[in-house]
2 protein chains.
Amino acid sequence: MKCKKCGGTAVINMRQHKLGLCAEHFLEWVPEQTQRFIEKYDMFGRDARILVAVSGGKDSLSLWDILLRLGYQADGLYIGLGIDGGVDYSNESHRMVDQFVARRAAEGQPLNLHAVDVAKLYGATIPETAAISNRGRGKPCSVCGVIKRYIMNRVAYDHGYDVIATGHNLDDEAAVLFGNTLHWQAGYLARQAPVLPADQAGLARKVKPLCRFYEREMAAYALVRGIEYIYDECPYAEGSTSIYYKSVLNKLEEDRPGAKLQFYLQFLEARQAGLFQAAHDAEARELHPCSRCGQPTSAPDTCTFCRMWDRVAEYKAAGKELKPLSIR
Amino acid sequence: MKCKKCGGTAVINMRQHKLGLCAEHFLEWVPEQTQRFIEKYDMFGRDARILVAVSGGKDSLSLWDILLRLGYQADGLYIGLGIDGGVDYSNESHRMVDQFVARRAAEGQPLNLHAVDVAKLYGATIPETAAISNRGRGKPCSVCGVIKRYIMNRVAYDHGYDVIATGHNLDDEAAVLFGNTLHWQAGYLARQAPVLPADQAGLARKVKPLCRFYEREMAAYALVRGIEYIYDECPYAEGSTSIYYKSVLNKLEEDRPGAKLQFYLQFLEARQAGLFQAAHDAEARELHPCSRCGQPTSAPDTCTFCRMWDRVAEYKAAGKELKPLSIR
């Protein structure tokens, strides 16, 4: 396989694009494409202050790297979830993020990183909170989602960022889409997009600049670019529906190269053409400030996030010991 | 596994319904369920004159059998497609239909069967027509669909039937749905339903009473009920997308029993709730009579069906020999 641009040895063959590229041209191609997606979906302009949510995984660190290479003002946000799971998951991912920052600093490019430790700030880790939450019992991902979304928004709001960028890749997006489609969840389908607009109640704009890259492309990017990242999946994600859907889509992709991309892009086109407009309008919820923390919520009074920590506080006040949710 | 109704030995275990049934109760359950679907989707009333499209396969022969057992006035329509494919496909399926009718006659239940031979009536078989059709080159299923739909409608119209019933089962419907969803074909999604209403331009009402039965349930019904049917798939269908999608959905079903049924039912619910209404309205086409045959068409002047036979006639007039499309 040869590089389409220079004829050198290709390091990656992207069957869905009928495109092989050498290391040098692949490292050029990825930011070019990212810039194209940023413009196509009108994600943000040249002067935007961007907050990149970095988990220590290949996607988010690559995203940060790409945005910096493209010349954007991009700061990082690491959220320490307090997940051990036998692989010291959170500490290890934090270490990867710190290492990414330290390398750039050593090369004369100091970066801004916000690091929030959930347990230190709010009094319990994600697995501990999930263990006592109605929402979370056996479903830590739901609790984790609420907490991460809250903190991302809070940091963006407090520090005046224009937009939050997350590292969701095509495989992530296609898996979510597949799940929502299998169950025809019109409301969720209506909301799935590369850009979630800001809400004047204080909800920051969110964008997914990598949404059209296959997971393997991002893994290749991190590898070729020498970005070290945490290989482990979150230990709580094992056996999850989203991993299962990814496997189904990978099989489809193997049999019909490009199927995953087409599925996602044709969905976006149908969405653009208004297929989910009615569902979108029906789902539109009035947001208002939480009576406790002031962050936007659709809950009548106190937001889900505050109520989660109320429960943790009650447990502690009752002298009960918090234990992390066990892994299935 | 025991029968849920009588405790006898079950002949089938339907995991998605958590239901095992013995032969006797399964043979009761299938028509009961069919009647339930007929009512739920408002397919037809007690006095309707029904034309059942029978192919000689398990689904359509079982459908005819079930409707007769339920006491409906149901006549059959067999369309001879002229497909050999090395397995004498069309002759063999015709034989199965004739045998079904002969058995009922021997039991004192004479049935009406309309048999249309495409080659005799129009001058060429499906594989011959597909071989010279722009639409059909390499895609005989498309030509076959046009011709079958036309003939079904024509016979229903000429003989004054109220409704055409086809044997599409859940696996068929889910596979079509899956394909349309993977490509987000809003127009096709909008049109997929257990009932296609009649159009005053002369399009007969069409219904799919078996749309909620798994293929294996229909195979079991035919087996237990002693209905002989043709086992072969159409030789031209081999390697088709729809067979591929069925295999993907079967894998899903194996991993998550009920997934296929949920996918289809939740789609119908979303459709009922109006998800595809806009796409449906956008796709709505004014039908008018074909200038040649008088049957309803959306084509500006002559319908696709008539134009297909024009092409056959041109070929013959030019002294060219018709050959069946070869099988991939």
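A helix axis here is a line fitted to C-alpha atoms over the stretch in contact, and the angle between two axes is taken between their N-to-C directions. Keep that in mind for the first stop, and note that the model is predicted.

**Stop 1: two helices in chain A**

Select residues 170-182 of chain A, which form helix α7, and residues 259-272 of chain A, which form helix α11. Their axes are 10 Å apart and the helices pack at an angle of about 65°. Angles of 65 to 115 degrees count as roughly perpendicular, and α7(A) and α11(A) are therefore roughly perpendicular to each other. The crossing of α7(A) past α11(A) is left-handed.

Now show the side chains at the contact. On α7(A), pick L170(A), D171(A), E173(A), A174(A), L177(A), F178(A) and T181(A). They meet K260(A), L261(A), F263(A), Y264(A) and F267(A) of α11(A). Sorted by class, the residues of this contact are eight nonpolar, one polar and three charged.

**Stop 2: two helices in chain B**

Move to chain B and select helix α2, residues 58-69, together with helix α3, residues 89-106. The two axes come within 11 Å and cross at roughly 20°. Angles under 35 degrees count as roughly parallel, so α2(B) is roughly parallel to α3(B). Here α2(B) passes α3(B) in a right-handed crossing.

Which residues make the contact? From α2(B) they are L61(B), W64(B), D65(B) and L68(B). From α3(B) they are M96(B), V97(B), F100(B), V101(B) and R104(B). Seven residues of this contact are nonpolar, two are charged and none is polar.

**Stop 3: a lysine in a loop**

Stay in chain B and select K208(B). It lies in the loop between β8 (205-207) and α9 (215-225). Is K208(B) buried or exposed? Its relative accessibility is 14%, and buried means under 20%, so K208(B) counts as buried. Leaving aside residues up to four places away in sequence, K208(B) touches M43(B), T166(B), H168(B), E173(B), A193(B) and P194(B).

**Stop 4: the two chains together**

Finally, display chains A and B at once. Chain B is superposed on chain A by a rotation of 180° with 0.0 Å of shift along the axis, and the RMSD is 0.0 Å. This is the relation of a two-fold axis. To find the axis from chain B, select L275(B): its C-alpha is the nearest one in that chain, 3.6 Å from the axis.

Then select the interface. Of the interface residues of chain B, 96% are also interface residues in chain A, so the copies meet through the same surface.

Note on methods
Residues numbered from 1 in each chain as written. Chains lettered and ligands numbered in written order. Predicted model: local features only at pLDDT ≥ 70, side-chain atom pairs only at ≥ 80, totals over all residues. Heavy atoms only, no water. Axes fitted to C-alpha atoms, helices over the stretch in contact; angles between N-to-C directions. Helix = DSSP H or I, 4+ residues; strand = E, 2+ residues; numbered from the N terminus. Parallel < 35°, antiparallel > 145°, perpendicular 65-115°, else oblique. Left-handed = near helix turned anticlockwise from the far one by under 90°. Contact = heavy atoms within 4.5 Å. Nonpolar A, V, L, I, M, F, W, Y, C, P; charged D, E, K, R; others polar. Buried < 20%, exposed > 50% of the residue type's maximum accessible area, 1.4 Å probe, protein only. Least-squares fit on C-alpha atoms with pLDDT ≥ 70 in both.
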